[in-house]
Amino acid sequence: MPDARVISHAARGWRLASGLVVVTVAVAAEQVWQAERRSAALRDEVAGLRSRLADRRELIAHQRHEMAQVASAVDHLARTTGALGERGAEARRLAHMEESRAETRALVNVAATLGGMSVMSEDAGRALEQLAWLDGQAAAASDSFAVLTVLVKDRGEEVSPGVPTLWPVRGLVTSPFGARTSPYGEGREMHPGIDISASYGSPVTAAGNGAVIFAGRDPGYGGLVIVDHGGRLDTLYGHLSALYVREGQSVRCGQAIGAVGATGRATGAHLHYEVRVNGAPVDPRRYLAK
C-alpha cells in the first residue's frame with residue numbers, strides 16, 4: 001500500500017491545482033465581463049456620435065438650402081439694382097448732368113478661414129460678395145434718385161402751370177368726347193371735345209397758362225379761341241358769344257377769355273371745349289380736375 005504521506009501530499013497538490021484553476025477562470029471571467037462592458041459603452045458612444053453627426057448633417061443641409069435661397073434673392077436684387085443704375089445713368093444723360101461720382105465697388109472675394117480651412121460655405125461667401133457689391137450700387141442708385149427728384153421738380157415747375165386742368169366753365173356735360181349721334185340727324189359722328197351746358201353770356205376762362213394763337217370766327221365753331229399751352233398742347237373754346245382776348249396775347253389760368261354763346265353750328269347756348277395734342281383731339285377729361 002502507498003505510504004499515507006505520499007497520498008496526503010498528492011491530495012494537497014490536486015487541491016492547490018484546482019484552486020488555481022478556479023482563480024484563473026474567475027479572473028478570466030472578470031476580464032471578459034469588463035471587456036464586454038467597455039465594448040457596450042463604446043457601441044453606445046459610437047451610436048450617439050452617429051446620431052449627432054446625422055443631426056449635424058441635417059442642420060448643414062438645411063443651412064445650405066437657406067443660403068441658396070438667400071443667394072437667389074441677392075441675385076434678383078442685384079439685377080434690379082443694376083437696371084436701376086442704368087436708368088439713373090440714362091436720366092443723367094438726358095438731363096446733360098455729370099456722371100455719378102459715388103464709388104461702385106466691384107465684386108470682392110469674401111472668405112473666412114480657420115487654421116487654413118474654410119469655415120464658410122460657398123453659397124454664403126457668394127452672397128456676401130454680392131451684398132458688398134450691392135452696397136456700392138445702392139449708393140449710386142440713391143444719387144440717381146436725387147437726380148430724378150430734381151428732374152421731376154424742374155419739369156413740374158416748367159410744365160404744370162400750362163397744363164389745362166381747370167374747367168373753363170361750370171355746368172353739365174351734355175355731350176362727351178367720342179362717337180355720338182349727330183344732333184343734326186346726320187347719323188354717327190366723332191365728337192372731338194365735350195359740350196358743357198351753361199347760361200348764355202357766362203364767362204369762359206382759360207384752362208391753363210398759355211398764349212392765344214387764334215381768336216375770331218369759324219363757320220362751325222362760331223366765336224372761337226385757341227390757346228397754346230406749350231408742348232404741342234392746345235385748347236379750343238367754341239360757340240362763344242364774345243371774345244375777350246386777341247391773337248398773340250398771353251393768358252393766365254382762370255383768366256376770362258370769352259363768354260358762352262350759341263354761335264356757329266350750335267343747337268343752344270353751351271361751350272364746346274377741346275384739347276388737342278400734336279393737332280389730334282383727345283378726351284379733355286384726361287386733364288380736367290375732378
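In what follows, a residue is called buried when its relative accessible area is under 20%, exposed when that area is over 50%, and partly exposed in between, as computed with a 1.4 Å probe on protein chains only. Good morning, colleagues. The structure before you is a predicted model, in which local features need pLDDT of at least 70 and side-chain atom pairs count only at pLDDT 80 or more, whereas totals for chains, interfaces and linings use all residues. Residues are numbered from 1 along each chain as its sequence is written, and side-chain values use heavy atoms, with hydrogens and water left out.

I shall begin with the salt bridges. The term denotes a side-chain nitrogen of Lys or Arg within 4 Å of a carboxyl oxygen of Asp or Glu. Under this rule, the model has four salt bridges.

One of them joins Arg43 to Glu36, at 3.5 Å from N to O. Arg43 is partly exposed, at 46% relative accessible area, and Glu36 is likewise partly exposed, at 45%.

Another salt bridge connects the side chains of Arg180 and Asp195, with an N to O distance of 3.4 Å. Arg180 belongs to strand 4 (residues 178–181) and Asp195 to strand 6 (residues 194–197), so this pair ties together parts that lie 15 residues apart in sequence. Strands here are DSSP runs of E with at least two residues, and helices are runs of H or I with at least four, numbered from the N terminus. Arg180 counts as buried, at 18% relative accessibility, and Asp195 is buried as well, at 8%. Furthermore, a network of salt bridges links Arg180, Glu189 and Asp195.

Which residue does Arg276 meet in a salt bridge? The partner is Glu274, at 2.9 Å from N to O. Arg276 is partly exposed, with 24% relative accessibility, whereas Glu274 is buried, at 0%.

I turn now to strand 12, which spans residues 256–260 and is mostly covered, four of its five residues being buried. Two strands are said to pair if DSSP finds at least two bridges between them. Strand 12 pairs with strand 7 (residues 203–205) in the antiparallel sense, over three bridges. Within that pairing, Pro203 has Ala259 of strand 12 as its bridge partner. Strand 12 also runs antiparallel to strand 10 (residues 233–243), and three bridges join the two. There, Leu240 stands opposite Val260 of strand 12.

Thank you for your attention.
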